[in-house]
Amino acid sequence: MLLTDEKTRQDLNELGRQPASIFMRWHIDLPLVLGLMMTLFLSLIVLYSASGQHPEMLVRQIMRTGAAFFVMIAVAQLPPRFYGKAAVYLYIAGLVMLVMVELFGDISKGAQRWLDLGFMRIQPSEIFKVVMPLVISAFLARGSLPPRFISVVAAFIIILVPMGLVLIQPDLGTAGLIGISGFIAIFIAGMSLWWLAAGGLAAAAAIPVMWNYVLHDYQKQRVLTLIDPESDPLGAGYHIIQSKIAIGSGGLFGKGWLQGSQSQLDFLPEPHTDFIFAVLAEELGLIGFIILMVIYGYIILRCVIISFQAHTPFEKILSASYTFTFACYIFINIGMVSGILPVVGVPLPMISYGGTSMITLAVGFGIIMSIHTHKRTLTFRQ
Amino acid sequence: MLFKRRKRHERELFKVRKKRRRRSHQSRGGLMVRNTEQENGVFKTRMFICIVMTVLMAAVLFANLYYLQIVSYEDYSTRSNENRIRVLPVVPQRGIIYDRNHVVLADNRPVYHLVLFPHKDYSTQETIEKLSELLDLRLSERDIKNMVYLARTRNRFNGVEIAEALSDQQISTFAVNRHHYPNVQIAASLKRFYPFANIATHAIGYVSRINQQDVEQLTEEGKIDNYEGSLAIGKLGIEKYYEDLLHGTTGSREVEVDSHGRVIRTLNYHPPKPGRDLTLTLDIRLQYYAQELLGNMRGAIAAIEPSTGELLAFYSNPSYDPNLFVRGIRSSEYSKLLNHPGRPLINRVTQGGYAPASTVKPLLTIMGLNEGLITTTSTYFGGPAFMLPGSTHRFRDWRSWGHGWLDIYRAIELSADTYFYDLAYRAGIDRIHEYLDLFGFGRSTGVDIHEESLGVNPSRDWKMRRFNERWHLGDTVPIGIGQGYWTTTLLQLVKAHCMVANKGQEVTPHLLKFAQDPLTPDEPPAPYEDKLKDTLFPVKDQSYWDVSRAGMYLVVNGPEGTGRRAFYGAKYKAAGKSGTAQIVSIKQGQKYDASKLKVEHRDNALFVAFAPFVHPRILVGIILENEGGGSAKAAPLARKMIDKYLLDLYPDGYMGEKEPVQMKFGLGGTVMVQ
């Protein structure tokens, strides 16, 4: 940078020293927080209807939201460098917990997912949704970019170990999400598109193997009913058919808030968690969907901008992979509820009822805010 | 402070650089500096790809949502409503059946069922098994299996009945435990109840569960929609004959249900139209009395008002309890009814085919007079037997020494068989067949129940068809005394005698008096329409009827009449005719001895009587199976029935002419009749 003019130089010096605003000082990115607030507002509206108008549920959701915001801001206080260094320890701790789940975990709905620590119950697989992009970005950003073949292979191993542990719980949905979040990080780091193509082919070849040896019967059933839900209208296809009916019958403007017959009359499965989108689409219609997309789009756009503005490769990769993982969550949830993806049990980010996923997302957004607010505006290099 | 920090920072930078340099050195042989430009370029490309992918995903979601919510909106909207809205049939209340004095003969009573609505979250089999234990339903393995099958195959929102007709105790037990069974409900419905049990079974019939056969028939007749939700249908008697009147029109209720099938609220209600209430011509007291009179005897009593054809009593003994069939008869109960020696399932009024015996003599008299074969003044010598010319077969008279000189009046009074052998012989089978047909034998009486046999009105054709044999002269002779191939039902006999009592006016015996729409109780009800109204029996001279009636008068009142003992001291003037029907033929030269014959081979006793004589108010027909002589066994019952009706039940009615009426009798004599 050529700084010929003394005055400009002085101005820039001023700028560099000046803390931008109170929010910057507290490491809060106001546009992002506003976007998240909007989703939470929408969430409360839909949740009130989906819960059968139970105010207690709203109160609990508000409390969880508050906790999530607190976590997010707390996370944002620490600089990204810290997370880069902590990544490997978090990764190892997560692995230990996954193994412990396998040994002493609680069983719920046919899968071992919960680990009881005495004072709280945690889902270690959930931790990896945050840790995976972190550890991959930290690992790949250590070397030069784009990463070399050997680094990519190592990164994939890093991904596959926890993924495998989650798969044997068995929790196909979370394993998939962990894989996707890690993969996005590798992709953004610059993995060769040729390798990607080769890997895609290998994955295609692996499908029959997965089908025969890895997938549980109920998971196979989910995939089969996805292809033709009407084939088993009272069994496995029931949920997806009812969900599609709810969405389809919403039309352009919806049936009106609290007026959705599918959601109010108990036809929808889990209307306040995984299938909350069906409630939104039924009661608020295509317009409601578009509003939701605009809010999500705004959040993603803000995160993309932050990613571009990030200074180090680690920060760039990390914030970008959180951003696109978030986009993938949305796509997977809405896709599954509207019948184009298998039912894998992924909540709709920031909208679904439930604390775990919200905390996970809050940590992710907290790190993004940390990346944005811990930048040095100027570095002097003559 | 500031300086220090900067220094540390520089040191760190340096450290990083040093490290990088080392690694780069090892890997790329001399390339020391991290290529920030290139890294940024790669990052930008990848970000671009990811953004495009994100936009693509959003587009896919939008396209799918657009397809679901805009393109397929109609379809899904319909399906959503189908989910939500059920149209439930509302079964109309079946018409109540009354007797002629408005005594309830068939009523509807509420009963409670246990209905299960299959739901994904609850195991149907487990629920049924638990309930069976809780309420002591005694369901067998097969019952449960069947219910589970029904639950699986039936429409999601139609319940499966686990138990019907719950007791009060079962209802309260379930009510206490109902929170364990969220998908089981108690449903109430109305069930038919016959308070008089077996008193009027053969007339009223019963309703029972709609079976496959009924469904097929209803479908064929296009009435199946009206039976949506109905559980029972008339199977017999009045209940079957007037099914369309009694059933009413099914209404509907549009309701909103949740996914468990629970009704949330009613959106629309179209009330059903209840069935018509039927008032019958029966008098339950007379019906009761008939049962009392018959006691253990097998037989039937029909009492009718001859001027209108209204059946006052219609009783067949032994009878049975129709309520068993409403509840759903168990096979053990049913086989008991089937194997009962008295064969209670047979309606002896309309289905029992009997030889009418001497009761038909007044009818054949009409034939003889109308065809000019006899006149009121012609005489015949009644010997001990009648023989066809050129034959030695003796057609014996009931009195082994004969009756001497007879005119038609005395022939009826004494029931002289030879007189009527001769009459039948001279008339020939073709003419007899023709007249019997006019009297309604071998045809339906038109009574308003379906269980009716037609009897046999014998003819040359009939014998050819039936036995592939020619008609012999010898077959004609016993027809003259109502024996031989001739069989008739009690109701046919009663109907024919009504013509005599009415002097030729025909009537259709019937059970329905009128049908009333319960919604409009003030409007005049629709009365029974007799198709035979104003139809007269074709005779050349109306006075022929007086001859037959006079003969029947003498049977009861004459000095030698066969029924005189039974009607001795009656406070009204009656007329009647006895009949004793042989079941097995007695060999030539042998005597009838009841004690030597098996019970089922003993004679049937018949009696037909009407009173008061001039304008009869009641005509009673009685058949007693294997009980012996008609005048000895059946006539006293007829007397009692008429006494009961005229003197006890309706004592204020017409009892006969106050002034004596002149009547012709015997060989031209006249008598004043009170």
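In the predicted model, the axes of helix 7 (residues 149–167) and helix 8 (residues 172–189) of chain A come within 8 Å and cross at roughly 165 degrees. Axes are lines fitted to C-alpha atoms, for helices over the stretch in contact, and angles run from 0 to 180 degrees between N-to-C directions. Helix 7 and helix 8 of chain A are therefore roughly antiparallel to each other, where angles under 35 degrees count as roughly parallel, over 145 as roughly antiparallel, 65 to 115 as roughly perpendicular and the rest as oblique. The crossing of helix 7 of chain A past helix 8 of chain A is right-handed; a crossing is left-handed if the near helix is turned anticlockwise from the far one by less than a right angle, and right-handed if clockwise. Helix 7 of chain A contributes V152(A), A155(A), I159(A), P162(A), M163(A), V166(A) and L167(A) to the contact, and helix 8 of chain A contributes residues including L172(A), I178(A), F183(A) and I186(A). By class, twelve residues of the contact between helix 7 and helix 8 of chain A are nonpolar, three are polar and none is charged. Here Ala, Val, Leu, Ile, Met, Phe, Trp, Tyr, Cys and Pro count as nonpolar, Asp, Glu, Lys and Arg as charged, and the others, Gly among them, as polar.

Residues are numbered from 1 along each chain as its sequence is written, with chains lettered from A and ligands numbered from 1 in the order in which they are written. As the model is predicted, local features need pLDDT of at least 70 and side-chain atom pairs count only at pLDDT 80 or more, whereas totals for chains, interfaces and linings use all residues.

Chain A has 15 helices and three strands; helices (H or I, at least four residues) and strands (E, at least two) are DSSP runs, numbered from the N terminus. Of its 382 residues, 49% count as buried. A residue is buried if 20 or more other C-beta atoms lie within 10 Å of its own, exposed if 12 or fewer, and partly exposed in between, with C-beta atoms placed from the backbone. L258(A) has a phi near 70 degrees, a positive value in a residue other than glycine. L258(A) is located in the loop between helix 11 (237–250) and helix 12 (261–264) of chain A, and is partly exposed, with 14 other C-beta atoms within 10 Å.

At the interface, 35 residues of chain B are in contact with 40 residues of chain A, contact being defined by C-beta atoms, placed from the backbone, that lie within 7 Å. On the chain B side, the elements giving two or more residues are helix 2 (36–71) and helix 3 (73–84). The largest share, 17 residues, comes from helix 2 of chain B. This side of chain B comprises 15 nonpolar, eleven polar and nine charged residues.

Within chain B, helix 14 (residues 361–370) and helix 20 (residues 543–557) pack at an angle of about 150 degrees, with their axes 9 Å apart. Helix 14 of chain B passes helix 20 of chain B in a right-handed sense. P362(B), T365(B), I366(B), L369(B) and N370(B) of helix 14 meet Y544(B), V547(B), S548(B), G551(B) and M552(B) of helix 20. Six residues of this contact are nonpolar, four are polar and none is charged.

Strand 21 (residues 618–624) of chain B is largely enclosed by the rest of the structure, because seven of its seven residues are buried. I618(B), V620(B), I622(B) and L624(B) point one way from the strand, and L619(B), G621(B) and I623(B) the other way. Strand 21 of chain B runs antiparallel to strand 11 (residues 299–305) of chain B, to which six bridges join it; two strands pair if DSSP finds at least two bridges between them. A300(B) stands opposite I623(B) in this pairing. Seven bridges join strand 21 of chain B to strand 20 (residues 604–611) of chain B, also in the antiparallel sense, and V608(B) has G621(B) as its bridge partner. Strand 20 and strand 21 of chain B are connected by a hairpin through six residues. P612(B) lies in the loop between these strands, and the peptide bond from A611(B) to P612(B) is cis, with omega near -15 degrees.

Key:
Two residues are in contact if their C-beta atoms, placed from the backbone, lie within 7 Å.
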